[in-house]
Amino acid sequence: MRGLPGHARCGRKWGWRRWETDKAAMPVQLLKVIKGKSEIPLPSHLQKEDLKQLQEGLDHTNKYFQGIVVLSYPLTKLGDGTDFFKVVLQDLDKWCSRSNSINVLIYGKMAEDCAKVICHGDTFVVAGFKLAKSPTAREDGRHGCHLEVSEEAGSAIYIYTAPKTTAASETASVSVAPKYVYTPLNHLKDGTIVNLYGVVKFFKPPYVSKGTDYCSVVTLVDPSNVKLTCTLFNGNLDALPKIYKVGDIVRFHRIKIREYNGQMQGITSAGFASLTFDGTVGAPVVPRTSSKVYTFMDEEQKTIEDLRVWAATNLSISGPAAKLSGVQPMLYFDLTCQLVGKAKVDGSSFLLKVWDGTKCPYPTWKVPVEARDLEGEKVLLHQLRNLTVDILVYDNHVQLAKSLKIGSFLRIYSIHTKQASAENEDFSHIEFHLHGGTCYGRGIGVLPESNPDVKELKTFLESVDLADSQNMESMSSMELDGTFNNVTVLTDHQDLSNTELKTILNSTAPQQYRIRAKLRTYKPQKLYQSIKLHCSKCNSLQEVPNGGDFDLILQGAAVTAPNPDLHNTSWYNSVMWTTQDQKQRKIAIHFVKHDEMLQQPEDTLLLVEGATLKEIWKLTKRFKCVIPVRSTEDHLELLDLSAPFLLQGNIKYYGCKQCSTPKPIRGLSSIAAEQRPSWEPSEIAQVLGIEQLQYVFVMRFTLVDGTGALNAYIFDYEKFFQIPASEILTNNFLQEKMQMTMNTLCPPGRKLDDLPWLECFIKSYNVRDAMKHRVYYQIFDTTVAEDVV
């Protein structure tokens, strides 16, 4: 046979591993080479083809391709149970070039047979193959097509096996089938290419980057409590991870790690591949991937299940999701819906008509487009006219929106509802916008019909009575020539008209006003300093104590050993041990029971004596609530109120020293006796005699409108910034969000004329003391429209 085997021409001797089967009856045959020739020649009707000759659409029934095995993957099973085996063949005469290699995908019994006998370095001949486009060509750099081989297709494989002994100089090029090693996120090093598992803490759906590739950003965490942000690029949208929500679990192979500004980052490298799994505890472990070729070992299932359990207790995975029936003005939410129509509006925006089976409670804006430009089934669009909403998508989301198929199921992230009114109209309506950029995870994801949320939505849509919806009075059909954008949104008092600042400054207090002004400056510039603790009873404000103060209080309390007489009561079980350090501290943990039974950790309240701050934080990661206490002669009591009376997750809850009258801890037994103890901080504070302090934002805005300037105060728990003040000190993402918001309201380095307009309500009020009378102003019923960032 001409060209068989290639290495025989170099005078290399070939061995023959015997197969205890009648090879003549098998589609996979091991052949022996004697003096450079095959002992059993290939069938005479077969014609050889090289890589250049391989083309889609041609008949390869009587063709064969020959190469050297340079890589093989473990035998695995596809979703339908079919055996699958993948090998990579290198062109015999062009070993140095990776592009002169090709993937061979083997299915069924042939896959099992090949996996038993193949070795790296074998000469491999495949005949009667099917040629198909390779979905991984861009990733792995190999031939643009792959060979598909199966017994059902009449394929045959001939293997000329290499000898078992290998020269020392050749050893480096012979490797075993890969067994992947996965690196924890706290062991990543700059410049390495690694495999890893992680839980999705934040993600941006794929979007078109400045080049031609799609880009996706995902932030991962794992039990090492290290965060890794990965920026992934690929020209093929399907090759990026199929992430649908926070809490999904991803497996990345061959991701490159680099260090930037002291933080490790992940970026795609050659051969990058990913699998995504539902992060819900108990859900089937089924990988999401566009590739038919991947390995997934049995032991990896336990990795997925362990990460699910860890994420359930350590990661907040509840996202802002809503039905159309539940939307409100000035809301940011994720919507799972079905696409029923689409149309180009202009060069920078695109219209998506969607529904989720529920009706928006407000009149909605219908984007004016020509009927001929609207894609979708006309009869269905008419039937659903009172249930669909128009979503305008902008800028970088337009290209993806154009590619969406009518009828597909979508999850659109961070939609903004704006309340607006057309010129010369007396009533307002709701607009839906997906603004440009990717801040806060804005984007569009296409969900497969196998997705649990899609299955639930389809069932609901099928139950909707369209006749009822058609009889509803339609108040939502409006055509607007344009919209009026502010960086803030009013949430009430729409009847008030704008008042100039000059008029307000010359008016008596108290009064309420609607204004339109610019934010010239604000204090404090260091935003973390804006977080205070407020007592609603005595109206006092105080600084948030730092962790060092709390640690000193804990150390002082640890001097007194726990009282064993107070252990194991009717409503809690106790455990005590001595530390192994020099101080030999005694630590007691009291597990509060419910119905005389211990609860799951995520539902359990702990009372802790003698622990350090570090030890307490470890407990808060596993248990719902932790209360630091100390022993007296006859009961457990709270520590000094300079310390938090409760820790829940990352949040420390404090009580007002002036207004609180602490009671013994045994008061908590009344909550434990409830049918379903919720352990809400306010309920705990009440039974312990604590007047709970609330976290608030306190800031001073200097507002100008051309007629005057005044200082207005922000005193807000979470409404103005749409960020809970209680969470921002321990959440880096929320801190970044707040900084971006302030950069939008008051862009640094901009001239006054270039600053954006704020529309807001302010109220004036009098403050009198023995010496002076002053008028102050406070912003209220106003929310930041941070989506314009």
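These legends describe close-up views of a predicted model.

**View 1. A salt bridge between Asp 278 and Lys 245.**
The side chains of Asp 278 and Lys 245 come together in a salt bridge, with a distance of 3.8 Å from N to O. Asp 278 belongs to the loop between strand E17 (263-277) and helix H3 (298-314), while Lys 245 belongs to the loop between strand E15 (227-234) and strand E16 (249-260), so the pair ties together parts that are 33 residues apart in sequence. Asp 278 is buried, its relative accessible area being 13%, whereas Lys 245, at 30% relative accessibility, counts as partly exposed. A search of the whole structure finds 16 salt bridges, and this pair is one of them.

Asp 306 is partly exposed, with 41% relative accessible area, and Lys 302 is exposed, with 51%.

**View 2. A salt bridge between Lys 532 and Glu 543.**
In this pair the closest N and O atoms are 2.6 Å apart. Lys 532 lies in strand E26 (residues 531-534) and Glu 543 in strand E27 (residues 541-543), and the pair links distant parts of the chain, 11 residues apart. Lys 532 is buried, with a relative accessible area of 16%, whereas Glu 543 is exposed, with a relative accessible area of 52%.

**View 3. Cys 538 and the sulfur of Cys 535.**
The count for the structure comes to 0 disulfides. Cys 538 is accordingly in no disulfide, and the nearest cysteine sulfur, that of Cys 535, is 3.6 Å away, while a disulfide would need the two sulfur atoms within 2.5 Å. Cys 538 is partly exposed, with a relative accessible area of 26%; elsewhere in the chain, Cys 230 is buried, with a relative accessible area of 0%.

**View 4. The second largest pocket and its lining.**
This pocket has a volume of about 950 Å³ and is lined by 33 residues, of which Lys 242, Tyr 244, Val 446, Leu 447 and Pro 448 lie nearest its centre. Strand E13 (193-208), helix H5 (398-403), strand E23 (443-447) and helix H6 (452-463) are the elements that give two or more residues to the lining, and the largest share, 4 residues, comes from E23. Divided by class, the lining of the second largest pocket holds 21 nonpolar, 6 polar and 6 charged residues.

**View 5. The largest cavity and the residues around its centre.**
The structure holds 4 cavities of 30 Å³ or more, and the largest cavity has a volume of about 60 Å³. Its lining is made up of 11 residues, and those nearest the centre of the largest cavity are Lys 359, Thr 364, Asn 386, Thr 388 and Val 389. The lining of the largest cavity divides into 3 nonpolar, 5 polar and 3 charged residues.

**View 6. The second largest cavity and its lining.**
About 40 Å³ of space lies in this cavity, whose lining residues include Leu 554, Ala 557, Val 608, Ile 616 and Leu 639. The elements that contribute two or more residues to the lining of the second largest cavity are helix H9 (547-557), strand E31 (605-609) and strand E32 (625-631). By class, this lining has 8 nonpolar, 1 polar and 1 charged residues.

Technical notes. Residues are numbered from 1 along each chain as its sequence is written. This is a predicted model: local features need pLDDT of at least 70, side-chain atom pairs count only at pLDDT 80 or more; totals for chains, interfaces and linings use all residues. Side-chain values use heavy atoms; hydrogens and water are left out. Buried means under 20% relative accessible area, exposed over 50%, partly exposed in between (1.4 Å probe, protein chains only). On a 1 Å grid over the protein atoms alone, a cavity is a set of points where a 1.4 Å probe fits but cannot get out, and a pocket is an open set with protein on both sides within 12 Å along at least five of seven lines; lining residues have an atom within 4 Å of a point. Grid points are joined across faces, edges and corners, and a volume is the space filled by probe spheres set on the points. Ala, Val, Leu, Ile, Met, Phe, Trp, Tyr, Cys and Pro count as nonpolar, Asp, Glu, Lys and Arg as charged, and the others, Gly among them, as polar. A salt bridge is a side-chain nitrogen of Lys or Arg within 4 Å of a carboxyl oxygen of Asp or Glu.
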